[in-house]
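Here's a walk through the inside of a protein model, going from packing to strands to rings. Have your viewer ready and follow along.

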Amino acid sequence: MAGRIPQDILDDILSRINIVELISGYIPLKRAGRNFKALCPFHYEKTPSFMVSPERQIYHCFGCGAGGNAFNFLMQYERLEFLEAVEVLAKKVGVVIPDVSKQDDKTTSLITQLYKVNELAEQFYQNNLESPNCVSAKNYLLNRKINQEMIRLFKLGYALPGQDTLLNYLRTKNVTLSLMEKAGLIFAKEGGGYCDRFRNRIIFPIFDIKSRPIGFGARVLSNEAGLAKYINSPETQIYTKGKNLYGLNFAKDAIREKDCVVVVEGYLDFIIPYQAGFQNIVASLGTALTEEQARLLKRYAQNVIMVYDADDAGQMATLRTLDIFIEQDLNVKVVSLPEGFDPDSFVCRYGIERFREIVDVAENILDYKLKVLKSRYDYQKIEGKAKICAEILPTIDRFKSTVLKSEYIKKISEELKVSEDALLQEIKKLKEDRQYIGLAQVAQDSSSFISPTEKLLIRLMMEEAELIDFIRQHLEPADFQSERTSKIVSIMFDLMEQGKPLELS
């Protein structure tokens, strides 16, 4: 591997690595408050002075001065060169390192340019919002109870109705059409030429943990028929939905201090509580959370509280997300808001103190999941019990603590009037099934397989264009099992955004 590895690749590897898990694979660590300690592996000592910080993802020995990140530890412990350490950790977390022998300078240059063009777009949208000609957009935010201070802090803006207002502005700044398109700010029109992606919408810049603008979310001013309420930037070299969380750059210090993060769904669900002083909060951008996002949160807190709408889609999104946090060994609870409310409307109606009270009495994840499943299935009947067990046992099996598993099995046994032995047998089957599936996946590339259900859904979307917007509000392309389906659905969403007709080709 010759050349210099782009910084974004190194950052990606480090974001996926948990340094505590890495180092504990070499030496025994013991918890010491919010950190971990051990006898230093790099010099002789009788009293532990080697500390590992899960928050900062670094280690440091107060005896010999050794310290650094995961790369440094592997280099020092395994006597590896830097590039060798990068290769080992990249393979461990599934990051593909590109051929950097010739193109790393070009790639690095592109990434730098993408940040810069996003900054220009962000400033353009901000200036629009403050223009006397855009009073309706400013009033929309004020009517949603967002004050001027928050508008400035989150750099909220407005995309003008014209098809090429941003495009023409960026041209005056010598930005090429190619770069605008790579940043996801414009797209090619059917008959030729280019068009602004965001038009006549409130703009919410999306920042990375270093407060750099990496993408944008955009909301319509009124719920017009045929228009998606929210659209987001497509994925780019610097923006991947599943690796970022809205507001984390603002909230990370409060999250660390409280050792707890509250996860909500949308931009306003984050902004309104944050404005009211509830600042250990992030938003998932309306998508199902990923393992990368769970690992990112684990750097800052051990406790996670999910807050979602009480509607059916919100409950199901929460149920799907829970297992991701359990696998990361995080303590998870769930808040159920009253029907018809989201965090934004709840805080505006009842105030932040009432919101705090609800968060403080969040339900244990198993209690929440069991409550939802019992409301869906008749747990008095054998068939209902079987369905509940089929959905809740995989969650229990993901807990690393055998004590927790045992207690939850006992609880489910009592609630459903099913013997513990039967539940343990079902969990044993789950393990065997996972081993079988793992072997089957080796023999068949799952990315090329499309399930009959997903095929049917695509056919319905082609036949009923109205269905696309409904699905877009509840699912993301990444939610589909097949990579092929995910790509097809993504193209459908993009065509709908651009107002282009859907054709089978």
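This is a predicted model: local features need pLDDT of at least 70, side-chain atom pairs count only at pLDDT 80 or more; totals for chains, interfaces and linings use all residues.

Let's begin in helix α5, which covers residues 100–129 and contains asparagine 118. Is that asparagine buried or exposed? With a relative accessible area of 1%, asparagine 118 is buried, since the cut-off for that label is under 20%. Beyond its sequence neighbours up to four places away, asparagine 118 touches Ala183, Leu185, Pro213, Ile214, Gly215, Phe216 and Ile238.

Now for the strands. Five of the six residues of β14 (residues 303–308) are buried, so this strand is largely enclosed by the rest of the structure. What does β14 pair with? Strand β12 (residues 260–264) pairs with β14 in the parallel sense over four bridges, and β15 (residues 331–336) runs parallel to β14, joined to it by six bridges. Valine 304 is a handy landmark here: it is the bridge partner of valine 261, and it stands opposite valine 332 in β15.

On to the rings, where the structure holds 29 aromatic pairs. Phenylalanine 204 and tyrosine 267 have ring centres 4.7 Å apart and planes at 10 degrees, so they count as stacked. Phenylalanine 204 sits in strand β9 and tyrosine 267 in helix α11, so the pair ties together parts that are 63 residues apart in sequence. Both of these residues are buried.

Phenylalanine 278 and phenylalanine 355 give an edge-to-face pair, because their planes are at 75 degrees, with centres 5.2 Å apart. This pair also links distant parts of the chain, 77 residues apart: phenylalanine 278 is in the loop between α11 and β13, and phenylalanine 355 is in helix α15. Phenylalanine 278 counts as buried at 4% relative accessibility, as does phenylalanine 355 at 0%.

Phe204 and Tyr267 turn up again in one aromatic cluster, whose members also include Tyr246 and Phe270. Last stop: lysine 374 lies over the face of tyrosine 379, at 4.3 Å from the ring centre.

Conventions: Residues are numbered from 1 along each chain as its sequence is written. Side-chain values use heavy atoms; hydrogens and water are left out. Helices (H or I, at least four residues) and strands (E, at least two) are DSSP runs, numbered from the N terminus. Buried means under 20% relative accessible area, exposed over 50%, partly exposed in between (1.4 Å probe, protein chains only). Contact means heavy atoms within 4.5 Å. Two strands pair if DSSP finds at least two bridges between them. Rings of Phe, Tyr and Trp (its six-membered ring) pair if their centres lie within 6.5 Å; planes under 30 degrees apart count as stacked, over 60 as edge-to-face and the rest as tilted. A charge sits over a ring if NZ of Lys or CZ of Arg is within 6 Å of the ring centre and within 35 degrees of the ring normal.
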